[in-house]
Amino acid sequence: MNQNKKRLRRTMMFLNAQKPGLIKDAYIYQPDSIMFDLEDAVAENQKDAARYSLYHGLKTIDYRGCEKIVRINGLDTPYWREDVRCAVAGGCDGIRVPKTESASQIKLVEGEIVKAERAYEVEAGKVLIMAAVESARGVMKAMDVCEASERMFGIALSGGDYTRDLQTHITGTGVELMGARQQLIIAARAAKVQCFDTVYTDLDNMEGFRKEVETIHLMGFDGKSIVNPRQIRVVHDIFTPSPKDISFSEKVVREIDEKKEKGIGVFTVDGKMIDIAFYDGAKRILDMAKASGVY
């Protein structure tokens with residue numbers, strides 16, 4: 001298994017792949033992942049120029065540990081196959097498939113990735129896949145999509161297109177997205193892949209943004225798509241374990257390791273009743289703290 005499937009992905013920052021001024025130093029903001037967009041951000045008559053910019057950016061820029069993901073054009077367009085070839089040849093880490101509604105779409109993209117890896121002598125299995133769900137049908141098929149390929153590392157909600165398909169709109173309350181968010185996180189956890197929330201586009205409402213990030217963190221999401229560097233710190237603050245969380249998790253792991261050797265199954269830590277079911281959660285918090293550089 002590609003070990004990068006489970007890497008830390010609190011933030012995925014979208015950038016127009018056509019604009020060298022945007023992609024040349026995006027790493028300085030330190031998002032966990034950079035999403036180079038060849039789809040919606042690029043006009044129909046600029047697709048070739050965007051690929052040219054993307055390829056040379058991937059080939060020549062050191063992104064200092066930031067993951068490099070490329071959002072290709074939809075599978076109903078004539079552009080996506082060349083998008084995949086360009087992204088793989090340039091050295092991307094992953095491909096985001098838009099408007100996903102079936103496992104067969106993921107398998108189709110996977111086939112093109114395999115061909116491109118062979119053509120450009122890229123290590124087999126290096127390029128991962130994530131799916132963007134943008135419709136009611138996509139939400140209902142989330143489990144099939146999550147299990148479509150060994151390369152799948154995650155699934156993401158695209159709220160704008162999804163709410164249009166649902167015949168509603170983004171309200172800022174989160175009510176219209178709650179069902180899709182819950183469905184996607186359940187499917188992702190069942191399939192053991194990651195899950196990412198949609199973008200928040202009201203850049204002047206940072207309080208609203210923080211509340212939304214707190215909500216999706218409590219729901220179990222792994223991270224959030226973002227559209228502006230200002231949003232990075234908020235997401236990282238919320239998704240990075242606090243010193244209190246780390247301290248408690250250390251105690252839980254230590255106590256369970258000690259107690260299970262003595263045959264003790266239930267005990268208390270800081271006044272809270274604990275049993276073996278808490279072990280994996282505590283280990284996960286410590287692993288996230290290490291990946292975040294705070295432990």
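## Strand β6 and its neighbours

In this predicted model, strand β5 (residues 128–133) runs parallel to β6, and five bridges link the pair.

How many residues of strand β6 are buried? Six of the six are, so to speak, under cover: β6 spans residues 152–157 and is mostly covered.

## The annotated domain

The UniProt record, an unreviewed entry, annotates residues 10–229 as "domain: HpcH/HpaI aldolase/citrate lyase". In the model this span is 41% helix and 18% strand, and its end C-alpha atoms lie 13 Å apart.

## The largest pocket

If you are browsing for open space, the largest pocket has a volume of about 870 Å³. Its lining holds 28 residues, with R189, D222, R284, I285 and M288 lying nearest the centre. Helices α9 (206–219), α10 (232–239) and α12 (279–292) each give two or more residues to this lining, and α12 provides the largest share with eight. By type, the lining divides into twelve charged, ten nonpolar and six polar residues.

## The second largest pocket

Among the 28 residues that line it, T198, V199, Y200, T201 and V227 are the closest to its centre. Both β1 (11–16) and α7 (159–165) supply at least two lining residues, and the largest share, four residues, comes from α7. This lining consists of ten charged, nine polar and nine nonpolar residues.

Conventions: Residues numbered from 1 in each chain as written. Predicted model: local features only at pLDDT ≥ 70, side-chain atom pairs only at ≥ 80, totals over all residues. Heavy atoms only, no water. Buried < 20%, exposed > 50% of the residue type's maximum accessible area, 1.4 Å probe, protein only. Pairing = 2+ DSSP bridges. UniProt positions renumbered as here; feature names shortened; annotations may be inferred. 1 Å grid on protein atoms, 1.4 Å probe; cavity = no way out; pocket = protein on both sides within 12 Å on 5 of 7 lines; lining within 4 Å. Points joined across faces, edges and corners; volume = space filled by probe spheres on them. Nonpolar A, V, L, I, M, F, W, Y, C, P; charged D, E, K, R; others polar.
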